[in-house]
Amino acid sequence: MGDGGVLEPPREVVLQLLDPTYHRPVKTWRFTGATTITVGREAGCDVEISDPYVSRLHAELVWRGEEWILISKGRNGVLVGSQPVVEAPLADETQFRLGSLGPALRFCTGEEEGEHLNTICFETETVPVCFVDESKLRDDVGQITEGEYFQKLQQQAETLRLRSRT
């Protein structure tokens, strides 16, 4: 406890940007000893999120007395659950959304380490997204280039090139 009976903020605060489909963390920010955390699109924000639904300064998390408070600052608002809020207390594991269509974040005090605090990790080994059948590709291209329609297009292109030179 600090001076005047005001509790110190938790040692560590964690904010996680959540994947919109699976609600798994895709990016994590950790703050130690912070009393104010800004969230927005602006480069000076503590949590910078480049998203069209996020305002330059969209929200602030402020330590007041004995708890963290989420304060909406952006024009699209902040939702906790499905409810828009102007100010709301934050409990550990609170999820909130920046606007009705914006990104979702999870607030954690970081006091208990768990699997939910990890950012998604994956192997960076290069794996082809698709495979191309080279012989089929050559056959398909050959059929297209030998076709009547393609030949007409080639003739029109040549005519246009000749006109542009004169």
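**Close-up views of a predicted model**

**View A. At 11% relative accessibility, E12 counts as buried.** The model shown in this and the following views is predicted. E12 is a salt-bridge partner of R30, and the closest N and O atoms of the pair are 3.3 Å apart. Strand β1 holds E12 and strand β2 holds R30, so this pair ties together parts that are 18 residues apart in sequence. R30 is partly exposed, with a relative accessible area of 39%.

**View B. K136 and D140 form a salt bridge within helix α1.** The closest N and O atoms of D140 and K136 are 3.3 Å apart. Helix α1 covers residues 134-146, and the two partners are 4 residues apart along it, which is about one turn of the helix. Both ends of the bridge can be described by their accessibility. D140 has 31% relative accessibility and counts as partly exposed. K136 is also partly exposed, with a relative accessible area of 46%.

**View C. In helix α2, R161 forms a salt bridge with E158.** Here the closest N and O atoms are 3.1 Å apart. The helix spans residues 148-165; R161 and E158 are 3 residues apart in it, so about one helical turn separates them. R161 has a relative accessible area of 41% and is partly exposed. E158 is partly exposed as well, at 32%.

**View D. Ring pairs join W63, W68 and F107 into a cluster.** A pair of aromatic rings is described by the distance of the centres and the angle of the planes. The structure contains 2 aromatic pairs. In the pair formed by W63 and W68, the ring centres are 5.7 Å apart and the planes meet at 65°, so the arrangement is edge-to-face. The cut-off for that label is an angle over 60 degrees. W63 and W68 are both buried.

**View E. H23 lies in the loop between β1 and β2, and the ring of Y22 has a charge over it.** The charged end of R24 sits over the Y22 ring, 5.0 Å from its centre. H23 has a positive phi of about 55°, although it is not a glycine. The loop that holds H23 runs between β1 (12-18) and β2 (25-32). With 35% relative accessibility, H23 counts as partly exposed.

**View F. E93 has a positive phi and is not a glycine.** Its phi is about 75°. E93 is placed in the loop between β9 (87-90) and β10 (94-98). The relative accessible area of E93 is 34%, so E93 is partly exposed.

**View G. The largest nonpolar core has 24 residues.** In soluble globular proteins, nonpolar side chains tend to be buried together. The residues with the most contacts inside this core are L15, I37, V39, I49, L61, F96 and L98. Two or more core residues come from each of β1, β2, β3 (36-40), β5 (59-64), β6 (67-72), β9, β10 and β11 (104-108). Apart from neighbours within four places in sequence, I49 is in contact with L17, W29, V39, G40, R41, V54, L98, P103 and L105.

**View H. H58 is buried, with a relative accessible area of 0%.** H58 is in the loop between β4 (47-48) and β5. When neighbours within four places in sequence are left aside, the residues in contact with H58 are V39, G40, Y53, I71, S72, K73, G74, N76, G77, V78, L98 and G99.

**View I. C45 and C108 are buried cysteines.** The relative accessibility is 9% for C45 and 1% for C108. A disulfide is a covalent bond between the sulfur atoms of two cysteines. How many disulfides does a search of the whole structure find? The search finds 0.

Methods:
Residues numbered from 1 in each chain as written. Predicted model: local features only at pLDDT ≥ 70, side-chain atom pairs only at ≥ 80, totals over all residues. Heavy atoms only, no water. Phe/Tyr/Trp six-rings, centres within 6.5 Å; stacked < 30°, edge-to-face > 60°. Buried < 20%, exposed > 50% of the residue type's maximum accessible area, 1.4 Å probe, protein only. Lys NZ or Arg CZ within 6 Å of the ring centre and 35° of its normal. Salt bridge = Lys/Arg side-chain N within 4 Å of Asp/Glu carboxyl O. Disulfide = S-S within 2.5 Å. Core = buried A, V, L, I, M, F, W, Y, C linked by side-chain atoms within 4.5 Å. Contact = heavy atoms within 4.5 Å.
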